[in-house]
Amino acid sequence: MEVNPYPVEVTERFRDHFKEIYEFLKGNSYQSSQKFQKDIVDVVQDICERPTFHSVARISQTKKIFRYARIMKSYKVYFYVETERIIILDILHERRNPSSTDYMEDL
């Protein structure tokens, strides 16, 4: 069975948070930062190939279905599917304040 991956768009918010997390990990462990970098490529590829496979995020007051994929047990990559393309919104630590996803309600 051949899988046709969705095209992907990555937001600036995701890029900024990815850099912050990468720099934090790099300051603590170079190996962890390299694993994080490798894992993010694998996760985004999996999202593009099978977006509906991932868990639905509980975001209230919106009609869009937001999903997330876990990375390194502690981080979540948030995304949604919009007319045949995937929008990668953000990457956050799972213990981050739940209000950090409030902006998604306005999308």
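Accessible areas here come from the Shrake-Rupley method with a 1.4 Å probe. On that basis the protein chain of this predicted model has an accessible surface of about 7,100 Å², and carbon and sulfur atoms contribute 48% of it.

**Whole chain**

Start with everything displayed and colour by secondary structure. The protein chain holds 2 helices and 5 strands. Followed from the N terminus, the order of elements is β-α-α-β-β-β-β. Switch to colouring by burial: 39% of the 107 residues count as buried. If contacts are drawn for pairs with a separation of 6 or more, 46% of them join residues 24 or more positions apart.

**Helix α2**

Select residues 30–49, which form helix α2. This helix has 20 residues, and from first C-alpha to last it reaches 29 Å, close to the 28 Å expected at 1.5 Å a residue.

Now show side chains on the buried positions of α2: Ser 33, Phe 36, Asp 39, Ile 40, Val 43, Val 44, Asp 46, Ile 47 and Cys 48. What do the buried residues of α2 pack against? Their partners are β1 (8–10), α1 (12–28), β3 (66–71), β4 (75–82) and β5 (85–93).

Stay on α2 and pick Asp 42, which is found in this helix. Asp 42 has a relative accessible area of 35%, so the residue is partly exposed; the class covers values between 20% and 50%.

Two packed helices are described by the angle between their axes and the distance between the axes. For α1 and α2 the angle is about 150° and the axes are 6 Å apart. Because angles over 145 degrees count as roughly antiparallel, α1 is roughly antiparallel to α2.

To see the contact itself, select these residues:

- on α1, Phe 14, Phe 18, Ile 21, Tyr 22, Leu 25, Lys 26 and Asn 28;
- on α2, Tyr 30, Ser 32, Ser 33, Gln 34, Phe 36, Gln 37 and Ile 40.

Coloured by class, this contact of α1 with α2 shows 8 nonpolar, 5 polar and 1 charged residues.

**Phe 14**

Is Phe 14 buried or exposed? Its relative accessibility is 7%, and since buried means under 20%, Phe 14 counts as buried.

Next, select what Phe 14 touches, leaving out residues up to four places away in sequence: Ile 40, Val 77, Ile 88, Leu 89, Asp 90 and Ile 91. Of these, Ile 91 is 77 residues from Phe 14 in sequence, with 5.7 Å between the two C-alpha atoms.

**Two loop residues**

Move to the loop between β3 and β4 and select Lys 73. Lys 73 has a phi near 65°, a positive value in a residue other than glycine. Its relative accessible area is 73%, so Lys 73 is exposed.

Then go to the loop between β4 and β5, where Glu 84 lies. Glu 84 is not a glycine, yet its phi is positive, at about 70°. With a relative accessible area of 60%, Glu 84 is exposed. The tour ends here.

Methods
Residues are numbered from 1 along each chain as its sequence is written. This is a predicted model: local features need pLDDT of at least 70, side-chain atom pairs count only at pLDDT 80 or more; totals for chains, interfaces and linings use all residues. Side-chain values use heavy atoms; hydrogens and water are left out. Helices (H or I, at least four residues) and strands (E, at least two) are DSSP runs, numbered from the N terminus. The expected span of a helix is 1.5 Å times one less than its number of residues. Buried means under 20% relative accessible area, exposed over 50%, partly exposed in between (1.4 Å probe, protein chains only). Contact means heavy atoms within 4.5 Å. Axes are lines fitted to C-alpha atoms, for helices over the stretch in contact, and angles run from 0 to 180 degrees between N-to-C directions. Angles under 35 degrees count as roughly parallel, over 145 as roughly antiparallel, 65 to 115 as roughly perpendicular and the rest as oblique. Ala, Val, Leu, Ile, Met, Phe, Trp, Tyr, Cys and Pro count as nonpolar, Asp, Glu, Lys and Arg as charged, and the others, Gly among them, as polar.
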